[in-house]
Amino acid sequence: MRKISLPHIFWSFIISLGFANAQIIHSQPETAKDTSTLGYFFGKGRFYGHARSYVSGTINEGSLTDYHAWVIGAGIGYQTPRFLKRFQVGVSVFFMFNIETSDLLKPDPSANQPNRYEIGLFNIERPNDYKDLDRLEELFLKTHLGKKSVLVVGRQVPQTPFINPHDGRMRPTLVESAVLDLNEWKNLSFHAEYIWRMSPRSTMRWFDIGQTIGLYPVGLGIDGKPSQYKNNLESKGILIGGVTYQKNKWNIQFWDTYVENILNTSHLKIEWKTKPFAGKNWLLGAQYTHQQRAGDGGNPDPAKTYVQSNAGADVFSGRVGQQSPRFDWFLNGTRITARGRYLLPREWGKEPFYTFMPRERNEGFGDLTAVSVNTFFKPRKNIRIEVSGGYFKLPDVSNVALNKYAMPPYSQLNLSFNYQFGPYLKGLNAQLLVVRKDYLGNDYLKPQYVFNKVNMTHLNLIINYYY
């Protein structure tokens, strides 16, 4: 007997609802509609959907193994109209299908390491198994409080500095949480959130918080041996608090992300933007991030903990730039001090630092200096071209205390072309992203320090249709 999953039930419900509602609409004159029926109520709700095609390829140096993958997917969601004046329910599901893919589990014979990028388009727990690539993504109850404030409980997309969708694979990270956003004041807003489960990008299941840490490669412990924290961490959940002050030229934000028994991350961001003059405005930004261990770092056994005793990190990031209707540019800098590794599970989201560049992270490093330049050309309203470059000075690969993933110092160049179709194809957009990373050094590197890390080109062609 065929196994029936929640997504199959959901699709059956959506299709049945759509046919039923269509029948109600087309079988009765406009004046004959019975506004007291369930069908009429559902007909006032909002259907939305997303189709996505993702082609990815990695070209490594010399004889090192290259990889490719092409995946397509589609999903649909529905949000009810308000009922009892304050409440709404939302639900969505997404399916994925493999078109053409390399053997992603086959390791490179020289580096003895598997694929890094394309494997994340599927289910990293079963990389070469392309069955049942579906996920019930959203399932929430939204309560409207006041004019602009809401409380959302259930499965939803996270939107905080350190836990976020990070759109670099087929599907985003999702959380089971209670989120309160208070926006009743002109210049001040508050965010409070408690997360008890998560479904990170590149996975199909839902996990307790401790289980999510280690789904991606775990890197090295401070003793130089492979980290052992996977499946060994305990946490009751994540508490997030945020306050934003926005007035005239100023935007000030403070966030605190407390992972019970593991880690606390405090983040301050201050930005100042001038009023436009001749169509241009200047922007200055500064960030400070402070981390310290919480509880026993996830496990009382030092060999199995995520954060070692007395460990912590300090991160400073800054930006200066100019914005205009046709051209933006930014000069960015980030310094992670030698106090310790900056840690934030890569499964949870991208880092908010100004020097962040898609397809690489600075998580797991200490004593890091990064400088980057971003330029954005907008020759037409529907065309956006990005040329960005970065220099990332890291500790030596042998300094495992400050270099968790044995990443050599590198330069990165990103070229991105984004095109928005329309008006008939409104909602359709295409992005071509080309990433080049090169080793900053003259000495010989062993293949395991080069493969999927430096001296490589990574290609992405992503087409999205939102409706």
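The model is predicted: local features need pLDDT of at least 70, side-chain atom pairs count only at pLDDT 80 or more, and totals for chains, interfaces and linings use all residues. Residues are numbered from 1 along each chain as its sequence is written, and side-chain values use heavy atoms, with hydrogens and water left out.

**Lysine 404**
- Lysine 404 sits in the loop between strand S16 (383-393) and strand S17 (410-420); strands are DSSP E runs of at least two residues, numbered from the N terminus.
- Lysine 404 counts as buried because its relative accessibility is 2%; buried means under 20% relative accessible area, exposed over 50%, partly exposed in between (1.4 Å probe, protein chains only).
- Its side chain makes a polar contact of 2.9 Å with the side chain of tyrosine 229.
- Another polar contact, at 3.5 Å, links the side chains of lysine 404 and tyrosine 405.
- A polar contact is a pair of N or O atoms within 3.5 Å; within protein, one must be able to donate a hydrogen and the other to accept it, and residues adjacent in sequence count only if both atoms are side-chain atoms.

**Valine 243**
- Valine 243 lies in strand S9 (residues 238-247).
- Valine 243 counts as partly exposed, at 25% relative accessibility.
- Its C-alpha atom is 9.9 Å from that of aspartate 181, 62 residues apart along the chain.
- Leaving aside neighbours within four places in sequence, valine 243 is in contact (heavy atoms within 4.5 Å) with residues including Leu188, Phe190, Ile252 and Phe254.

**Second largest pocket**
- The lining of the second largest pocket has 16 nonpolar, 12 polar and 10 charged residues. Ala, Val, Leu, Ile, Met, Phe, Trp, Tyr, Cys and Pro count as nonpolar, Asp, Glu, Lys and Arg as charged, and the others, Gly among them, as polar.

Note on methods
Helices (H or I, at least four residues) and strands (E, at least two) are DSSP runs, numbered from the N terminus.
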